[in-house]
Amino acid sequence: MTATADNGWELSVSRFITAPPAAVWDVMAGRIEEWWCPKPWRAEFDVLERRAGGVSDCTMYGPDGEVHPHPGMVLAWDEGRRFAFTDAILGDLQPAGPFMIGIWSIEAEGAGTRYTARARHWNEGDCQRHAGMGFADGWGACADQLKALTEGK
């Protein structure tokens, strides 16, 4: 899919996982820190309120001592189907410098599950910057990590 204003300057990755949606969701939501960022980086969620309007407070740690906090808000938590976060709103409805809305979803497909991760951006510049940061490789690695955990590989 080409990123355009009509689709929210969306970048996406998708994987077919040979496991039923319930098993994928169990890993996706219940073991989020194990697949959330590409290894050798790691993620820690200090707070993750699994509800629309909840707090999402994640910190990513790099292999060379890098520390990147990612505070935000949960926009959607549809149990068994999808969740979405944004960095545009912090704490008690405080606006922040927005970069993206991330949407992670699953749906049944044949004998398995289709996993899709989307990043929607406020403008073309942010979309291009995210692509240039290695969106496809980074989010693709996360998708592969989720797939491996779910399929037991």
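## Val-55

Val-55 counts as partly exposed because its relative accessibility is 27%, the class between buried (under 20% relative accessible area) and exposed (over 50%), with a 1.4 Å probe and protein chains only. The model is predicted: local features need pLDDT of at least 70 and side-chain atom pairs count only at pLDDT 80 or more, while totals for chains, interfaces and linings use all residues. Residues are numbered from 1 along each chain as its sequence is written, and side-chain values use heavy atoms, without hydrogens and water.

Val-55 belongs to strand β3, residues 55-61; strands (E, at least two residues) and helices (H or I, at least four) are DSSP runs numbered from the N terminus. Beyond residues up to four places away in sequence, Val-55 touches Val-47, Leu-48, Glu-49, Gly-72 and Val-74, contact meaning heavy atoms within 4.5 Å.

## Thr-59

Thr-59 also lies in strand β3. Thr-59 counts as buried because its relative accessibility is 7%. Neighbours within four places in sequence aside, the contacts of Thr-59 are Arg-42, Ala-43, Glu-44, Asp-46, Val-67, His-68 and Pro-69.

## Lining of the largest pocket

Strand β3 is among the elements that give two or more residues to the lining of the largest pocket, as are β4 (67-78) and α3 (135-151). The largest share, five residues, comes from β4.
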